[in-house]
Amino acid sequence: MPEEGFTVWFTGWSGAGKTTIAIALEEELKKRNIGPVQRLDGDIIRSDLCSDLGFSKEDRNENIKRATFVAELLSKNGVATLVSFISPYISLRERARHKCHNFIEVYVKCDRDTLINRDVKGLYKQAIEGEIKEFTGITDPYEEPENPEIVLNTAEEDILESVGKVIEYLEEKEHI
């Protein structure tokens, strides 16, 4: 069990691998008997805690504010908190950094062509064709992190490499 909680905040475009890496990291932490661990996923939070919100900038901001509140409570109470949200705006990620305990920003980076090629739901195609109006990276902005603690390039590294980088950082900073 970690002596203190921490928040690993995965940010990046849709389909970059945020949730996949967070799930694999959660499994690795549990194998090492690190706990408690709680994963907050954008799709799950949006369907439960934020089902009243749409995709306007205001609603996206409110979505991240609510997720930050939950991550803040968890991390300040000794929970290893893994957050995977697109979270496209620097200002709200900075707000999360200041509120959450031991905040670690992880930029899950992937080039647009790779994202379009691996897009099983066809969301990028729909956004490019104008069928989805507010889609991050296509019709809505994504502000790249300026100084993330960790950058994972999922077009070039596999899940194990990405998780290994996060584990290495957590060990180096003595969070685990």
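I count rings of Phe, Tyr and Trp (its six-membered ring) as a pair if their centres lie within 6.5 Å; planes under 30 degrees apart are stacked, over 60 edge-to-face, and the rest tilted. By that rule I get five aromatic pairs.

Housekeeping: this is a predicted model, with local features needing pLDDT of at least 70, side-chain atom pairs pLDDT 80 or more, and totals for chains, interfaces and linings using all residues. Numbering runs from 1 along each chain as its sequence is written, and side-chain values use heavy atoms, leaving out hydrogens and water.

I looked up Trp-9 and Phe-85 and found them stacked, 6.1 Å centre to centre with 25° between the planes. Trp-9 sits in strand E1 (residues 6–11) and Phe-85 in the loop between strand E3 (80–84) and helix H4 (90–99), 76 residues apart. Helices (H or I, at least four residues) and strands (E, at least two) are DSSP runs, numbered from the N terminus. Ring pairs join Trp-9, Phe-85 and Phe-103 into a cluster.

Next I checked Tyr-124 and Phe-135: centres 4.9 Å apart and planes at 80°, so I noted edge-to-face. Tyr-124 is in helix H6 (residues 123–128) and Phe-135 in the loop between H6 and strand E5 (150–153), so the pair ties together parts eleven residues apart in sequence. Tyr-124 is buried at a relative accessible area of 1%, and Phe-135 is buried at 9%.

Last, helix H1: I listed its buried residues as Lys-18, Ile-21, Ala-22, Ala-24, Leu-25, Glu-26 and Leu-29. After H1 comes Asn-33, with a positive phi near 60°.

Technical notes: Buried means under 20% relative accessible area, exposed over 50%, partly exposed in between (1.4 Å probe, protein chains only).
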